[in-house]
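I am keeping these notes while going through the model with the sequence open beside it. The entries follow the order in which I looked things up.

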Amino acid sequence: MKIASGWERLRAWFLLPAWIWMAVLFAAPFAIVVVYSLLTRGAYGGLGLPWTLENYQRLLDPLYLGVVVRSFGMAGATTVICLLLGFPLALFISRAGGRKSIYLQLVILPFWTSFLVRLYAWLFLLRDTGLINTALQHLGLIHDPLPLLYNDGAVLLGLVYGYLPFMVLPVYATLERLDPALVEAAADLGAKPWPTLLHVILPLSAPGIRAGSVLVFIPALGAYLTPDLLGGGRTVLIGNLVQNQFTTARDWPFGAAISVGLMALVGVLVLLMLRSEREGLV
Amino acid sequence: MNRMHRGAANLGRSRLLGGRSRLKAGCGQNCPPHTCRRTFLMGVAGLAGCARGRPRLNVYNWSNYVAPDTIANFESEFGVRVRYATYESNEEMLAKVLSGNSGWDVVFPTHNRIQPMRQYGLLARLDHGRLPNLPNLEPRFQTPPWDPRLEYCVPYMWGATGIAYNQSAAPTPAAWADLWNARFKGRLTMLDDPEEVLGACLLKLRLSYNSTDDTSLRRAEREAIAQKPLLRAYLNAEFRDQMVAGDILVAHSWATTAQQAIDAAPQLAFAYPAEGFPLYGDNAVVLRESGRADLAHAFINYLLRAPVAAAIVQTSRTATANGAAQALLPEAQRRNTTLFPSAETLARGQWIGTMPSATQRLRDRMWTEIKSA
Amino acid sequence: MKRWLGFYAAAVYLFLHLPLAILAVFSFNSSRFTVWQGFSLRWYRAIFHDQQLGEGAWNSVIIALTATIISTAAGTLCAYGLWKRGSKLLSGSLYLSLVTPEIVMGISLLALFQWSFRWLHWRLGLHTVILAHVAFSIAYVVIVIAARLRTFSPALEEAALDLGATEWQAFRYVTLPALLPGIVAAALLALTVSFDDYVITSMVAGVDSETLPMVIYAMARRGASPVINAISALIVVFFGALVLISERVQKA
């Protein structure tokens, strides 16, 4: 769809930094990763010839496909929970009037400290002799400590904790723009709060929700620290698998192949998502 | 120390960018042009000043391998500035160093990486003339199996893997086989390291830690999968806190981590398993890319001094390869069997070998299978 | 509804800040381990003796500020340009940069820098870290601003044009002010992502460009020393104070 030439010129200038970014900081490194995936691992790590497709063939093994499926499941669950938890919070902040900014900063504040360190704090909270179990036992609610750590639930908790702001911020950005007159109109027409939420606010905040979901789901797919620490290394997700290849396994080409495969898979999913709606995400 | 591989890799300041950042940070909205220019120039001048000064040495080491004042004392005695950074795994360090222009002068690879690094041409030949403190090393470290003439490396710290346990655990663990005891279910952890876990399984089966054939490794894998339901988790140093708190009874552990836990909780102890155990040694090497061989040698020589090495042992709770330093330690520490086991215990130990490529791939696949089980 | 929302928000904030509270409490613990053994300020004292920490913090701040400014500017312009007329190639690249696992991005950027440095005779340093941070944060900025633009009507700009403004003026005086809250949100996101990044930074950092996460990770992985708790507590207090002060300044 063409637009007037004055806009075209402006657009061309505006997109220039992004094109430079793409060429230098994305396309070139991506090409390198693809090249890596076609090589063979060197004797002690690093790379070597010959060129081969073997790394991609290895990917088709049911073992690795199982890892992919589990990772998608975990990332999906994380996204849904982040949405359920984050949307009301974003709504609250967008309606907070003068204090909006402070509430927003309060969401971000914990993230200025190291993620690893906060995960360690969760370890303290969740373990058998940790705060939660001790408190519950003192209150007489339980006898033996609950196994709160080193399972999928703990991993999910950690992931949600780590990615919540990525949902809250985009949703807030959209909700903030919401015209209060629309909500008032709904009220004037006799709608109660809940239906207003479902039929007026939610649809209007769809772009923010989509943005937030992408910003949570996709990085959650590649997470490795949280499953490691809170999951006790008991399961392998894609993030752990890739991490492993570049460290202990010293198999960079296989790691690169997994990454390219992952990017291709998500790329296809996103394409399908875009096809089914008129507007894209960007 | 060889394996702490969760962090990916670790390894001057562009004047122009330094100046530009100052510019952005220093100028607000109403900044007139000439003030901005002045700030920029000041920034550049400041950084130029920083660039001159004392000679520099860049050292890349495992974390927790020096005492708080080791570096500072070296700096003041020799009038140099040391850039000291740390890493968590050999792979981290190698990823940076493999390029050949990482900027580091002295690094500390584990012994089974020395040979590959030599093959890649990464190491500089050591000049023993500039290392007069070499005789301080224990006799067995003066001719270590991986570099009998110490042409490329100087042993620094060494250690072993074994079993850390709470003395209230019954039966008292003394062999790898005890880690499969169902009585420890849910209160047992293994190291999160494929080499170590499969190695422990191999030793339990009375096979060599360095086995490379398929059959042996497959048997080891089956053992690991059989053990998994008993495990609480696969943890490296993270088990330490929980062991001190009492959550965990028995843990697959490096001797130095166990020692740190024992320092905090006397009811804990460490056992060198009966079937045998792996040994590793971390060595100081000078990178060939380094243009500061003199300073690098001076630093390594400094580390070989008995008082310096003794001070490091006190803080890091690791076993030093420096015999003279061991003599300086207080009686209790010298007799510490966790860090310095008796000769007969040591005889059961096996130096970790370098793994060929095909075995590495098989082990890695098995690790994924074990974790997915 | 508003009251329920308030209670709910308080609960979520508790969830978000509970680990911080734990950290703060244990920063005063006299023992190294997470078993309370008495009150002590020794870890705070230890911070001031640690030169690495200071340098790491300084580097982190510089890198985060610079990278955020660059990526927010480039990202905003990009989101706006794509809003005018999309580009499959650019959008696709932005998505893919989000999907790339951090370690892969780190390794590929490291390889890129090492290759290009052969010809340019550069070393790894602050500049490479900043470039890397821009590389991964642009996509975040674009997505947040684009979501905001979805709710913006082009009619306003058209009206400005009708009144005689140029396209640039229409953007500058009509759209940009309306986008400002979105830009601030995006910048905050980029700043946070940059300040806290460990994996990519550690791969492309040079000898002189250690950042705070790198220092902290190194300390934590090997021995969860409470010095880290002390630093984290200080960081929170510092930024919390910063936030409060900026609020006052804005209101004044």
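I call a residue buried under 20% relative accessible area, exposed over 50%, and partly exposed in between, using a 1.4 Å probe and protein chains only. The model is predicted, so I take local features only at pLDDT of at least 70 and side-chain atom pairs only at pLDDT 80 or more, while totals for chains, interfaces and linings use all residues.

Entry 1, chain A overall.
I looked up the secondary structure of chain A and found 13 helices and two strands. These are DSSP runs numbered from the N terminus, with helices (H or I) of at least four residues and strands (E) of at least two. The C-alpha trace of chain A spans about 75 × 70 × 35 Å along its principal axes. Chain A has 282 residues, and 58% of them count as buried. I counted a contact as heavy atoms within 4.5 Å. Of the chain A contacts between residues at least 6 apart in sequence, 66% join residues at least 24 apart.

Entry 2, chains A and C.
I then turned to the contact between chain C and chain A, to which each of the two gives 93 residues. Together they bury about 9,300 Å², with 78% of that on carbon and sulfur atoms. Buried area here is the accessible area (1.4 Å probe) that two parts lose on being put together, summed over both. I scored a salt bridge when a side-chain nitrogen of Lys or Arg lies within 4 Å of a carboxyl oxygen of Asp or Glu. That rule gives three salt bridges across this interface. I also noted the salt bridge of A:Arg118 with C:Asp196, whose closest N and O atoms are 3.8 Å apart.

Over all chains, the search returns 27 salt bridges. In chain A, A:Glu176 pairs with A:Lys100 at 3.4 Å between the closest N and O atoms. This pair links distant parts of the chain, 76 residues apart: A:Glu176 sits in the loop between H7 and helix H8 (180–188), and A:Lys100 in helix H4 (residues 100–108). A:Glu176 is partly exposed at 21% relative accessible area.

In chain B, B:Arg218 and B:Glu221 form a salt bridge of 2.8 Å, N to O. They are about one helical turn apart because they lie three residues apart in helix H8 (residues 214–227). B:Arg218 is partly exposed at 31% relative accessibility, whereas B:Glu221 is buried at 5%. B:Arg365 and B:Glu369 also meet in a salt bridge, again 2.8 Å from N to O. Salt bridges with shared partners put A:Asp61, B:Arg218, B:Glu221, B:Arg365 and B:Glu369 in one network.

Which peptide bond did I find to be cis? The one from B:Ala170 to B:Pro171 is, with omega near 0°. B:Pro171 is in the loop between strand E4 (153–166) and strand E5 (188–190) of chain B.

A:Tyr150 is not a glycine but has a positive phi of about 60°. I placed A:Tyr150 in the loop between helix H6 (131–138) and helix H7 (152–175) of chain A. Its relative accessible area is 7%, so A:Tyr150 counts as buried.

Technical notes: Residues are numbered from 1 along each chain as its sequence is written. Chains are lettered from A and ligands numbered from 1 in the order in which they are written. Side-chain values use heavy atoms; hydrogens and water are left out.
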